[in-house]
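Hello,

Here is the structure I promised to hand over. Please have a look at it first; my notes follow below.

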Amino acid sequence: MSKVYIGCGAGFAGDRFDAAVPVVKALAELKGERFLIYEVLAERTLAIAQRLKREHPDQGYSPFLDTYLPLVLADCHRHGIRIVTNMGAANPLGAARRVQALARELRIHGLKVAAVTGDDLLVSMSEADIRREPIIEGIALDDRTIVAANAYLGAGPIADALATGAHVVLVGRTTDAALSLGPLMHVHGWQAGDLDRLAQGTVCGHLLECGAQVSGAYFPDPGFKDVPDLDRVGFPIAEVDEDGSLIITKPPGTGGVVSRATVIEQLLYEVHDPHSYLTPDVVLDLGEVEVEEVGPNRVGVKGARGKPPPATLKATVCVDAGWLGEGEISYAGPNALARAQLAASVVRARCRAIGIGDPVRVEVLGTEAIFDSNSAARRPRIAQSAGGEYRVRAAVRSTKRKVAQQVSDEVLSLYCSGPAGGAGVRQHISPQVSTASILIDRARVHAQIIMVEAS
Amino acid sequence: MNLVEVPLHAVAHARAGDKGNRSNISVIPYKAEAFAMLVEQVTEERVLAVFAHKGATSVRRYLLPRLPAMNFVIDNALEGGVNSSLGLDGHGKALSFLVLGDITVKVPVDFIPVNSPYRKQLTR
């Protein structure tokens with residue numbers, strides 16, 4: 001029976017730049033259809049890309065394309081490993097052109113590159129139409145400026161793009177799982193009605209899409225859950241049979257671990273109702289899934305069940321959301337906690353005095369503040385020591401950049417106007433994007449495959 | 001049966017994820033035989049209480065006995081989440097450890113892995 005091998009090179013924009021190298025090396029040793037996927041497109045990332053495209057029409061694809069692909073493109077092409085990634089972001093066509101330019105720089109000949117478009121609703125719908133759709137999650141759009149609006153494409157367009165013979169497929173917004181399910185549909189010939197197979201393929205994609213989160217990373221808790229050689233953690237590889245049964249493993253000689261525990265943590269990651277995980281391809285039921293260690297760093301996953309997908313597609317709308325202003329300062333040594341608390345109270349009083357109207361959060365890091373709420377309603381569980389090291393943080397969100405700067409500056413001024421020993425101020429003012437999810441009719445979304453020739 | 005009271009952290013591991021203002025936290029026992037007892041003790045009500053200070057409004061618990069694991073879905077747990085939270089952790093990624101640390105369970109010592117630091121504390 002023919003197996004499909006899918007390796008993952010990145011689980012988010014900013015993932016370890018050379019993680020794919022051992023994955024490609026391992027895939028090169030295998031026979032059969034092999035793919036390398038990169039998932040780099042969080043909800044907000046697309047808004048940033050869309051802004052970039054507006055300023056520079058040839059950009060707006062993932063800036064990580066030039067980080068990740070030059071390291072592997074030649075080896076992938078030489079060994080017949082095909083690449084599927086959402087590095088297309090706001091401009092899959094631009095990304096495809098950039099890949100062809102890279103191929104020329106690297107003297108790779110005969111590379112076929114495909115772009116999948118159609119997810120960008122600002123192209124296919126009017127803003128007014130987008131605003132009319134009911135919001136199922138996130139903030140009200142009101143009169144805020146829409147920066148990006150993208151439907152989640154499914155795996156079908158990716159399978160179609162691979163059917164053209166493309167070696168590299170650049171997509172924008174799809175479900176993360178589609179990056180794996182697309183290749184599986186293409187090779188195994190799975191159809192829309194093969195619901196349990198599509199369900200297994202979606203599980204495969206879900207397990208791979210966060211990179212090493214399934215192979216020992218985002219997992220270690222020293223003394224409780226130990227993982228060897230995290231600094232060179234192996235990114236995952238899935239082996240998938242025609243019937244959908246799959247094994248998660250990692251390249252030989254790498255760090256990390258693939259165990260029942262690492263796989264189960266990732267299986268439920270960002271899942272709500274495990275009996276009804278909605279995707280454009282299938283509604284996934286994890287209720288009967290079994291996870292079994294079948295060898296060292298080899299874990300089998302089976303039993304996913306599928307139900308027909310919903311009639312609508314989810315889309316994410318990104319809107320301008322003003323500014324986040326932050327400032328931080330540290331206190332250390334004897335009585336540090338009291339000095340930090342005094343600093344926090346000074347910042348609160350100053351924000352009131354200068355008339356900051358937006359809610360300001362002032363907290364003392366080192367007191368389990370990350371678990372607390374804006375109203376500081378939680379008592380830390382672990383007793384705080386009077387000395388040690390504490391960091392005061394103030395944060396505000398405002399439609400006005402000036403307000404964000406003012407709150408941050410109140411922390412800066414503690415250097416000379418706050419408690420003794422204040423040190424290490426950092427300030428951060430950043431533009432914010434908020435998102436809302438809407439459901440749209442599938443008929444409004446038309447995916448297109450565009451081949452980009454060598455330049 | 002002799003039971004010891006320990007943080008959930010002694011007998012289970014967890015991972016948190018987010019969608020909007022909703023958090024999901026999986027709770028996975030180190031030992032499958034601990035599952036039934038955790039189901040009895042780690043209830044929706046207790047998890048909601050852990051998130052009360054953040055204004056959480058409801059908790060739904062899903063059971064996956066074949067893994068075994070539980071999945072908690074906590075509504076309005078993230079003070080608006082990445083869209084509007086003023087905290088450092090808009091995604092609520094650290095909240096798995098809030099659950100593991102704030103909820104205690106009464107379990108036989110055998111449910112704690114042999115090499116766990118909690119075992120050493122208990123035998124000292």
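**What I found**

Helix 9 of chain A passes helix 10 of chain A in a right-handed crossing. Bear in mind that this is a predicted model. The axes of helix 9 (residues 178-188) and helix 10 (residues 195-208) of chain A come within 7 Å. They cross at roughly 140 degrees. Angles over 145 degrees would count as roughly antiparallel, and these two helices of chain A are therefore oblique to each other.

Which residues meet there? From helix 9 of chain A, they include A:Leu181, A:Leu184 and A:Met185. From helix 10 of chain A, they include A:Leu198, A:Cys204 and A:Leu208. By class, this contact between helix 9 and helix 10 of chain A has 8 nonpolar, 4 polar and no charged residues.

Now to helix 2 of chain A, residues 45-55. Its buried residues are A:Thr45, A:Leu46, A:Ala47, A:Ile48, A:Ala49 and A:Gln50. Among the elements that cover them are strand 6 (146-151), strand 15 (312-332) and strand 18 (423-441) of chain A.

Chain A is divided into domain 1 (4-118 + 153-310) and domain 2 (317-437). The centres of these domains of chain A, taken over C-alpha atoms, are 38 Å apart.

Last, the two chains. In chain B, 31 residues are in contact with 39 residues of chain A. Strand 2 of chain B gives the most to the side of chain B that touches chain A, with 4 residues. That side of chain B divides into 11 nonpolar, 13 polar and 7 charged residues.

Best wishes

Key
Residues numbered from 1 in each chain as written. Chains lettered and ligands numbered in written order. Predicted model: local features only at pLDDT ≥ 70, side-chain atom pairs only at ≥ 80, totals over all residues. Contact = placed C-beta atoms within 7 Å. Nonpolar A, V, L, I, M, F, W, Y, C, P; charged D, E, K, R; others polar. Buried ≥ 20, exposed ≤ 12 C-beta atoms within 10 Å, placed from the backbone. Domains from an automatic or database assignment. Axes fitted to C-alpha atoms, helices over the stretch in contact; angles between N-to-C directions. Parallel < 35°, antiparallel > 145°, perpendicular 65-115°, else oblique. Left-handed = near helix turned anticlockwise from the far one by under 90°.
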